[in-house]
Structure formats: structure tokens, C-alpha cells
Amino acid sequence: MKPNESLRLVNIKKAYHSGGIEVPVLYGVDLQVFEGEFVTIMGASGSGKTTLLNIIGCLDRPSSGAYFFQNRQVEKLNDDELSDLRRRGIGFVFQSFNLLPRLTAGSNVELPLVYQEIPGPRRKEIAASVLEQVGLKGKAHRLPGELSGGEQQRVAIARALAAQPKMLLADEPTGNLDSKTGKEVMEIFNNLHKSGLTIVMVTHSQQMTAFSDRTILIRDGRIVEDQSP
Amino acid sequence: MTRDIVETAWQSLRAHRLRTGLSVLGIVIGIASFSIMYSVGEAARQKTIQALKELGGDILRVSTKADKDRPNREEISLNLKDLATIQATCPNVLDVSPEFTNNAEFFRAGKFQSFNVIGVLPIYFSMNKIQVARGHLISDHDLQYYLPVCLLGEELAVELFPEKEALGQMVPINGYLLKVVGIMKKTERLAAEDINRAALIPITLAQRLFPTKKIRTIYARGKDTNISTAELSQFFYRRFGEEQRFEIQSQKLILETQQKSIKIFEYVLWTIGSISLLVGGIGIMNIMLVSVTERVREIGIRRAVGATKWDIKIQFMFESILLCLLGGLGGATLGFLASRLISRSFQFSPVFSGKLLLLAISIATVLGIVCGTYPAVRAANQDPTIVLRYE
């Protein structure tokens, strides 16, 4: 039986306007990702991979083409509907962690749940359970500044998981970590993948591709390679 | 959700305590001005109304005045015989009472202090609603025999005899010793001399103690103030042959003049308040715009995890409202303290009601909404893709 489709990009083009000049970044990207897949998108800086991630993450709309996420046509959604899609469908993990420095680890994890209007006590329960899942049991009251880089990234992963997303979107998740903690983080990704979560990860490092079952190479705004090991 | 918004806003303001404090200063001053304007203005108005009620608006104060065209010319004056003439020729005037004011000095703490010595007839007490706290008033008998007696105002009594009971003591006035026969109750009389800091003595005695006998102020009470005024004018015209050398004021008129100065005081505070609120509001807007610029990444993160533009807008809007509310409460407190201080020196109690606090809160809230809207819209329209930019 063929697995369900998670997302599909059809001839996605994206151009930015800079000082009256149109700067094309994506020249027509076609991509299909199935549920449960772990896809790595590789590319040098300036290749358009961040732009592609913005579009996949519903943070930005394509200039043309069609994008289906969970069988909904994303480019036709309004801003609030995009927010709703991110809130329930996508968990983000960033290179620079992007935790709010004034909130405790627990409150950071609760953040997506606040916007889902889940009541406080229930949020705390969920936060405690996902923090435990990433190995940070009992550290909910710490501020990000009191945690190591690896721990901060694990808080960020917990935050991404809190809303039980359909897909995890990671942008260079180990880029700010040393190789040992990076490996620990990738181990968490691996476990999530095994439990059935769809993961799309962007990286420029060849080593990271070892964890995923499919690697896509993007160059100059086009997909130039798509291979399963 | 609401609690989260409140907490987020509060945390953000707490994180920049100094900045928060400085940025609400304009609002604090503005709201304080309005509070003072309201509480002191209202209290002063109530006091004048009260004074009018106590004295009655039917008393006229007639005083002679200098000739504007010939400033060196001596002022006209009256004597006791004139008073009898007024009673005889002005049928509408029921009572006439002179106020014969001079100065005396006493030596205290290394310097001379002066106080008013007012020569009066017994009718003065009933017309001005003067009562004694202790002792008794000056009587016709005292007047007839030029007895060396005096009444002291409450404040003067304490000044002259700080350590003992003034009643029964001797007070030196212009070289003569006068016995204190009574201490007057404090009065709220607004019109003329401050009798709380004066000595009242029989007018007959006063005209002997002081080198002059000239009476320059009289009080008259009539059935109808308009008719009394006309009759008194006629008398003065007959007596001196000129107008413009005396003025007749009703207590009502004097109080109206005071009302006018209250109004001016209120306008000044209103202007200060409005300008402060305007400038303060611009300050709030500015600090909110700075806050938005500083927090583009935070906004991006919140948007990425699912916040809508509306969520972001509400968050910043509430922060602005909270900022203004802090200013409003600070201003109301400052206004309250300032009003009490001002009132203490003017001897009336300030009006400070819940209505005023409610008004301060409303003004602050409206200001918070007005000044927060543009920064909040700017915050909501920040590009969320910033989260994928690495710095």
C-alpha cells in the first residue's frame, strides 16, 4: 500500500523584488513528500533552500505554482488560515534555537499551545511530557540562558512537538552545536522518524544526510538530484 | 489566553523598568494635572459656595478707594457720625458696621511680627457670624467706657501666647495693654481681612489708640442688595460730591471674582494636562515602535508557532494600554498627594472621588489604544520568515 502524501509542490517559483528589480530565487520546484518520510534538502548558501523552507513551512507564499500540504492548497489560504496550518500542522526547529529568552523552558514549550487556546494546567502537562521525551525532565523552570546549546535545541524540539504536528521542519538543527551534541539531537530526530513523524530537514552538510532516507540536492533554485540511499 | 497576554505584557515592561518608568512620565504628569484640577478646583468651588451660604449674599462691603487720576489726593473716609446718617437716610439698610483696620506689632524670635487690629461695633459680630470659642464678645458697655479689651483670632492667640492660655492675658497694642476677653472661633470668611490672625477691639478705643480716626470700610446689610446699593451710592454722592471714590461690593460679587480665579487655575492645569498627555502619548508610541523593532525575532517565533496577526496585534496593544494605565495610576497618586498638599496650605479638603480614579483609568486606556494601534499594526505585519534567517 502506498503511504499518504504529506506535501506536494508543483512548479513552485519564487522571486523577490529588490529596488524595482525582480530577483528570482526558485525556478520551478516539483517535490512530493509522503507521510513518515525523513527528507534532507541539501544545498549551498544562496541555492534557494531557505526560500523553499519558508514556503514549505507556510511562512511565505510562492510567486507561482501550487503547494498542497495535507491536501490543502496552501497558496490560496489567507493569513489566518496559514497561521492555523502552522499551529496545528508544522513544528519548527531552527539553527539558532529561537527560544524566547525571558520565558522558561516550560513556557517556551507551551507557546504553540497558548495560541491553540489550550488551558494552562493542560499545557503544563503536555510541556512536561514532551520535555521528558527529549530528555529534559525537571528542567522546565530553567531559562534558556541557563541551559547548554544542546539542551536549548532539545527545548526547541520539545516546543515543535508540543502541538503534535504532522511534520517537523528543521533548518540546520545541528549548525550551532558541537559534533557530540549534534549527534544527540540527530538521535532524537531518528527516534521521531521511527515513531512515524514526517521530517523535512535543510542542511549544507553532507554528513547529516546519513540519517535520512532521501536526499534532495538543490542548486540555483532547482532540484538537481533526488535520491534514496 | 487573556492571562497570557497580561503576563507577557507585564514581563516585557518589567524587563525594561527604567525605560518603562521614563516613558510613562508624560502620562503621569498629565493625569496628575487633571486630578489636581478636578479635586482642588472642585474643593475651592465648594468652599466658596459654603462661605456664601454662611455669610449670606445680602451683605455689602463699601470701601473707599484712591483717585486714579490724582494718586496723591487723600482717600475719602468716614466717621462714626456718618454711620448714624446712613442708618437715618437709607431706609432699606438695616445694619451698618464699620471696619477700622490698623496695625500692631509684637516681638517674637528676634523679629517684629505685625498683625491687624480692627476696631468694631458689636453689630460686626452678628453680621460676620463671629462667635467666641472661649470668653465673651465685646459689648456695648465696653464700647461706651472705652474699656481696654480685645478679642483674638485663634491663630493670633497661639502666636502671641504659644505656651499658655491667651484668655485673660494682656496684649500690648500701640503702647497700651489690652486684656484678652475672648478667643474667636475660626471662620471661613473669605471677603476682607483675615480675622483669624487679627485682634478685634472696641472702635471707640481704637480711634483713641491710633493716630487716625478715618474709617475706610463699612459693611451694610439691607432687605434688598440692589436698593441698598442705590441708597448707599446716593449717600456717598451727597457726602463727597463725587463718584468713583468708593466701591460697593456684594459678598456675592467678591465670591464670583474668586470663582473666576479658580477657573483660571483650572484652565492652566487643563492646558498643562492636555499638553503632557499629548507629549506623553507620543512618547508611548515611540517606545512601542522601538519595542517592535527590538522584537522582530520574537514576533517571528510567535508567528511561526501559530500566532495570527491578530494575536500579535492584541499583545502589543495590551502592552501599550498597560503602560498608559501604569502612568495613569501613577498620575492619580501624584495628583492625590499634590492636592492634599495644596489644600493644606489653602485650608480646605480636596475632593477625591472614585469617579476621578475611574476617569483617570478611562483616559489612560483610551490613550493606550490610540498610541498602541500603529505600533501594534506594525508588529503584526512583521515578516515571519525572519526566524529562518541566521544571525
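In chain A, strand β9 (residues 214-219) is joined to β10(A) by five bridges, and the two run antiparallel. Within this pair, I218(A) has I223(A) of β10(A) opposite it. Strands are DSSP runs of E with at least two residues, helices are DSSP runs of H or I with at least four, and both are numbered from the N terminus. Two strands count as paired if DSSP finds at least two bridges between them.

This is a predicted model, in which local features need pLDDT of at least 70 and side-chain atom pairs count only at pLDDT 80 or more, while totals for chains, interfaces and linings use all residues. Residues are numbered from 1 along each chain as its sequence is written, and chains are lettered from A and ligands numbered from 1 in the order in which they are written.

## The six-stranded sheet

Strands β9(A) and β10(A) belong to an open sheet of six strands with mixed pairing, in the order β6-β7-β8-β3-β9-β10 (chain A). Its edge strands, each pairing on one side only, are β6 (90-93) and β10 (222-227) of chain A. On average, neighbouring strands of this sheet are turned by 20 degrees against each other, direction ignored.

Helix α5 (residues 149-162) of chain A lies across β6 and β7 (167-171) of chain A, and runs at about 170 degrees to β6(A). Axes are lines fitted to C-alpha atoms, for helices over the stretch in contact, and angles run from 0 to 180 degrees between N-to-C directions.

## Strand β3

Strand β3 (residues 38-42) of chain A pairs in the parallel sense with strand β8 (residues 198-203) of chain A over five bridges, and I41(A) stands opposite V202(A) in β8(A). Four bridges also join β3(A) to β9(A), again running parallel; here T40(A) faces T215(A) in β9(A).

Five of the five residues of β3(A) are buried, a term that requires 20 or more other C-beta atoms, placed from the backbone, within 10 Å of the residue's own. F38(A), T40(A) and M42(A) lie on one side of β3(A), and V39(A) and I41(A) on the other, so that both faces are covered.

## The contact between chains A and B

Contact joins 25 residues of chain A with 20 residues of chain B; it requires C-beta atoms, placed from the backbone, within 7 Å. On the side of chain A that touches chain B, two or more residues each come from α1 (49-56), α2 (79-89) and α3 (105-114) of chain A. The most come from α2(A), with five residues.

Methods: Two residues are in contact if their C-beta atoms, placed from the backbone, lie within 7 Å. A residue is buried if 20 or more other C-beta atoms lie within 10 Å of its own, exposed if 12 or fewer, and partly exposed in between; C-beta atoms are placed from the backbone.
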